[in-house]
Amino acid sequence: MSKRKNDSGDTNKKAMKKQELETTEISTNSSTTDNKANLNINDWIPKKETYSKRYYEILEKRKELPVWKQKEDFINMVKKNQVVVLVGETGSGKTTQIPQFVVDAGLISPGKMVGVTQPRRVAAISVAKRVSEEMDFELGQEVGYSIRFEELSSPKTFMKYLTDGMLLRESMGDPTLSRYDVIILDEAHERTLSTDILFGLIKDILKRRKDLKLIVMSATLEAGKFQKYFEGAPLIKVPGRLHPVEIFYTEKAERDYLEAAIRTVVEIHKHEDEGDILVFLTGEEEIEDTCAKIQREVREGRLAPLKCLPLYSTLPIYQQSKIFDSVKERKCIVSTNIAETSLTIDGIVYVVDPGFSKQKTYNPRSRVESLLVAPISKASANQRAGRAGRTRPGKCFRLYTEKAFQEDLIQQTYPEILRSNLASVVLQLLKLGVTDLVHFDFMDPPVPDTLIRALEVLHFLGALDDEGQLTKVGTIMAEFPLDPQLSKMLIESSERSCSNEILTISAMLSAPNVFMRPKDNRLEADASKKNFDHFDGDHLTLLNVYHAFKKNGEDPTWCYENFLNHRALKQADSVRSQLARILTRFKLQLVSGDVNSRQYYQNIKKCLVAGFFMQVAKLEKKNIYFTLGDEQQVIFHPSTGLTRKPEWVIYNEFVLTSENYIRTVTDIKFEWLSEVAPGYIKQKSFPKKTKEAIQRNLKYTK
Ligand code: CDP
Ligand code: MG
């Protein structure tokens, strides 16, 4: 046995007596199981003389959660095994209770942590907040969280909720994850890209660090796969306490799922018994719109009050917590997929499921990754329905036909690793020294084509040399918590005397949308945006907005008057300083050119091209463009401020809604493409139209 374990063993013995007293005090009606399991509480973890009233209130509730019945079994199992797989229904208490059981089991030594990963930012914050309350601590002290660009923790932190992406980043600086005694990969069934990579990395670390423990937690029953991957790790099943859920289908396919969703909510509210409603939609704009429309219907129909609450990842934290508040009137929560398994909301009795979610797809041939609204899987549909039966028998209204459910929906969503552009992950793996990607222990190996494309992209970006070795630029790129395109653009900018400007643009692109378009004030908002519009395009408009924000002293009133989102701008500002620190760390200069020189905007735009040369579109006719490489016909998104139709543009996003749109668009010159990305445009594998356009322009350029 390692020394560290002996240490904690001794500590536990000392702690026993004290704990016995406390346990009887705290848990007035706890079973003997709880008492036994509680004997091991770590001595070094601060104990309070008195706990708040709320602590005891919550404790009573916690003890009713299904995982508490298995506390002792669980603790015994983790003590005996290095890897444990735990499955349980959503709401059984996995995310909030298991990390506390780990601490109670004495598995965390002083100065070390239990880290719990979450695929979603909102879940990481919200759960950390909840658990700090459960333990009667201040959030950010003993219990903290870490998501991209935002960390709330202290030297005292022994329990940290973090996005899987952040743990992956941490592993770059700390390859054995030495700050952790226990790692919990939560929501493993989601099979996000970062979780899948962590599986492989941690599996390897476990061989080298026998003192490290891993708990894999999941909501659905893919457990066998996890057990097999972790070579016979034992499984602990938490029996759910689901009530029956009655499922309704529509008789024929709905033409407009939003309209159908609103209608269904209103019908439930009118005719069904009390109980809250949960509606699954796909994104922020759609959700805000639908909330407003439901409220209007309720008002105009003079129905009983209904509290409509949006839930999506970029929602500010104080608004997110509102979904957990109990209110007198019926609640209707309109949420993205996040409420499917990541967040449990008590009191839901009715679920409205239109059957869609936003999903990443990647086409390795054209190298285009897009976020598309697509039908969900059967497994997802069943998870969604399950949300209705937590408190009492519930109802789920599927806004599609039973035939569609049976015949059209796939069994399970494909793991993200099979649907993603892997450039970012491959760069991180190379930085970690994993050079033999083909033999990396993936749970589901990506198609070789996707890996090759990722290497190719990194090569075009200058992150890899001809031998496939990481270049100096590549090493620095890996340090930025950004997509490789953005980090390339940043590195390039210090050589082109515009790093201050590119920092701003990158930060603005990484923060939530700063432009507000309130439903009742759209025209005014659009007119106000025009004041910031830059002649050459939207990237430069973002720069104008940020400058104006700083010039006006970051004043919230000024933001409000100009239809700008103050919170998003503050966030962009904070992201900007974090990125600036990384640049400085690598001795890359923070510089600006002369605003009055002709080169000023040209340099900025060349940097955009240096990063995003794979996102270029060429004018075809009138207002129609085609994207270089994959030849999609696209038009400018209505939000663009670029009123001209330049021959070549660079875009930040491909959006597919009712039309193929490109969003955040800026005018560029073809010559810059051949100047900053010669390897890319001289490829032989381009399709015909792209090849012709390039050939013609290359000749013309010469
Ligand atoms: O992870 P799992 O879905 O198994 O459950 P959990 O997230 O640990 O939630 C267990 C219970 O904690 C929920 O049913 C809620 O009653 C409560 N909870 C809460 O009140 N507020 C949160 N932010 C999270 C959980
Ligand atoms: Mg959970």
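Trainee: Which helix gives the most to the shell around ligand 1?
Mentor: That's α5, with three residues. Keep in mind that this is a predicted model.

Trainee: Which helices supply at least two residues each?
Mentor: α5, spanning 94–104, and α6, spanning 121–134.

Trainee: And which residues come nearest to the ligand?
Mentor: Gly91, Thr95, Thr96, Asp346 and Arg390, out of 15 residues around ligand 1.

Trainee: What is the split into nonpolar, polar and charged in that shell?
Mentor: Two are nonpolar, eight are polar and five are charged.

Trainee: How far from a ligand oxygen is the backbone of Lys94?
Mentor: A backbone N or O atom of Lys94 is 2.9 Å from an oxygen atom of ligand 1. For Ser92, a backbone N or O atom lies at 3.2 Å from a ligand oxygen.

Trainee: How much of the ligand's accessible area does the protein cover?
Mentor: It covers 92% of the 530 Å² that ligand 1 has on its own.

Trainee: New topic, domains. Which ones does the shell draw on?
Mentor: Domain 1 (53–238) and domain 2 (245–417) each give at least three residues to the shell around ligand 1.

Terms used
Residues numbered from 1 in each chain as written. Chains lettered and ligands numbered in written order. Predicted model: local features only at pLDDT ≥ 70, side-chain atom pairs only at ≥ 80, totals over all residues. Heavy atoms only, no water. Near = heavy atom within 4 Å. Polar contact = N/O pair within 3.5 Å; in protein donor to acceptor, adjacent residues only side chain to side chain. Areas by Shrake-Rupley, 256 points an atom, 1.4 Å probe, with all protein chains shown as cover. Helix = DSSP H or I, 4+ residues; strand = E, 2+ residues; numbered from the N terminus. Nonpolar A, V, L, I, M, F, W, Y, C, P; charged D, E, K, R; others polar. Domains from an automatic or database assignment.
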